[in-house]
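Have it open beside you and follow along.

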Amino acid sequence: MKRLSASELIQKDFIENRSRLIDLAAFLDRIDRASHVSLESDFRMGSLQKAIVELIQGGSDRVERIQNLLSDQSILLLESAEKNQGAFGAVQNGCC
Amino acid sequence: MGFIDPHIHMVSRTTEDYEKMAIAGCLAVSEPAFWAGYDRRTPEGFYDYFRHLTEFEPRRGKQFGIRHYSWLGLNPKEAEDLEFSEEVIALLPEFLGRSNVLGIGEIGLNKISRNELRVFQLQVELAIEYQQLIMVHTPHLEDKLKGTRWILDVLRESNAPPERTLIDHVEEHTAPMVLDRGFWAGITLYPFSKCSIPRAVDLVESHGSDRLMVNSGGDWGQSDPLSVPRFMLEMRLRGHDPKAIEGPTLSHAIQFFAQSRKFSMD
Ligand SMILES: [Zn+2]
């Protein structure tokens, strides 16, 4: 069997990804409607905006760059995890 | 085509899920010990859980022709209390001889604290002492990269054999460092918080599938016990031949598990 060409991949997955993009736009609009503070005031949304910039930069390593941008790059061990169990999806004190 | 789901928590799935998986071609599952959604208050709570994983689940799987294997250990979310952790670890040797136990797992890190790291180290040492395979949980989301780096450091310092160790929940930014060091890597196909099916196929296409296997990570969260056959379908739709599909969904798991004399597909 032959692997799919670019046009076959677009044919297969375009509609799904178009829908994801519109969902993301709707999410950002929804937050705008709910408050007039800037998106960057929440560390997660600030990271998301930086990730969107990466998305339009091009290159074939977008996923890895975005994964790294949303990752804790430090090596510090927590003194205790007792009251600190969850993950947020972005790094609180900024990163990169 | 048959498949193995190498990481699924059947304890939190229904008997109908076993049936659906069998209909979809599931031949075997392996179930690591994990967090129950609440912290257990006593080591005896773990004792009962280990019995469940080694007695009840194999019987449930057998009803549908699915071999059930398990991994025992203390998950990192409950590893903050060192004294408690040592009591749980002391229970493990009694269970390691049971016929469906492949090794120690899932052990690893969650928030990457000093005590989590110590408990992980202790369990890696135990696995080496008892010649057990190891299954490692890597942290979620923003903690995954840092946690994976620490995990690789501990495994190196403990001289854990990479060919007998599976590092799970790898994603694009952690798979290369795991595979480059000779470890096996698991990709967890989770609809939102881990790796999607199309991205998992991308990983296989970019890195090759050597020492890679995919799993559903099915548990009581939003997860899908049919993720592995859905991954097989995506590979087929993207033009991969049956031999290429078999690696990450069946034969690599067999190769890895067969290092334990308790594993058999006969
Ligand atoms: Zn798990």
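What follows goes from the metal site to the chain contact, then to one helix, the salt bridges and the domains.

Keep in mind that this is a predicted model.

Let's start with the zinc ion. Three residues coordinate the zinc ion: B:His7 and B:His9, each through NE2, and B:Glu106 through OE, at 2.1 to 2.2 Å. Read along the sequence, the donor spacing is H-x1-H-x96-E. B:His7 sits in the loop between β1 (3-5) and α1 (15-23) of chain B, while B:Glu106 belongs to strand β4 (residues 101-108) of chain B, so this pair ties together parts that are 99 residues apart in sequence. Are B:His7 and B:Glu106 buried or exposed? Both are buried.

Now for the place where the chains meet. Chain B brings 29 residues to the contact and chain A brings 32 residues. About 2700 Å² is buried between the two chains, with 53% of that on carbon and sulfur atoms. On the chain B side, α4 (114-129), α5 (144-157), α7 (197-207) and α8 (227-237) each supply at least two residues that touch chain A. The largest share comes from α5(B), with four residues.

Helix α8(B) deserves a look of its own. Its buried residues include B:Val228, B:Phe231, B:Met232 and B:Met235. The buried residues of α8(B) pack against α1 (6-34) of chain A, together with β1, α7, β8 (212-215) and α9 (242-257) of chain B. After the helix comes B:Gly239, with a positive phi near 90°.

Over all chains, the structure holds 23 salt bridges. Here are some of them:

| Pair | Closest N and O atoms |
|---|---|
| B:Arg114 and A:Glu79 | 2.9 Å |
| A:Glu16 and A:Arg20 | 2.6 Å |
| B:Arg238 and B:Asp202 | 2.5 Å |
| B:Arg238 and B:Glu205 | 3.0 Å |

A:Glu16 and A:Arg20 are both in helix α1 of chain A, four residues apart, or about one turn of the helix. A:Glu16 is partly exposed at 40% relative accessible area, and A:Arg20 is partly exposed at 47%.

B:Arg238 turns up in two rows. This residue salt-bridges to B:Asp202; B:Arg238 lies in the loop between α8 and α9 of chain B and B:Asp202 in helix α7 of chain B, so the pair links parts 36 residues apart in sequence. B:Arg238 counts as buried at 5% relative accessibility, whereas B:Asp202 is partly exposed at 33%. The other partner is B:Glu205, also in helix α7 of chain B, so that pair ties together parts 33 residues apart. B:Glu205 is partly exposed, at 28% relative accessible area. Through shared partners, salt bridges join A:Arg3, A:Lys12, A:Asp13, B:Asp202, B:Glu205, B:Glu234 and B:Arg238 into one network.

Last stop, the domains of chain A. The assignment gives domain 1 (1-37) and domain 2 (39-74 + 89-96), with 18 Å between their C-alpha centres. Six residues of domain 1 contact five residues of domain 2. The area buried between these domains is about 490 Å², and carbon and sulfur atoms give 83% of it. A:Leu24, A:Leu28 and A:Val37 supply 65% of the area that domain 1 buries against domain 2, more than any other three residues.

Conventions. Residues are numbered from 1 along each chain as its sequence is written. Chains are lettered from A and ligands numbered from 1 in the order in which they are written. This is a predicted model: local features need pLDDT of at least 70, side-chain atom pairs count only at pLDDT 80 or more; totals for chains, interfaces and linings use all residues. Side-chain values use heavy atoms; hydrogens and water are left out. Donors are N, O and S atoms within 2.8 Å of the metal (3.2 Å for Na, K and Ca); water is not among the atoms, so sites may look incomplete. Buried means under 20% relative accessible area, exposed over 50%, partly exposed in between (1.4 Å probe, protein chains only). Domain bounds come from an automatic or database domain assignment. Contact means heavy atoms within 4.5 Å. Buried area is the accessible area (1.4 Å probe) that two parts lose on being put together, summed over both. A salt bridge is a side-chain nitrogen of Lys or Arg within 4 Å of a carboxyl oxygen of Asp or Glu.
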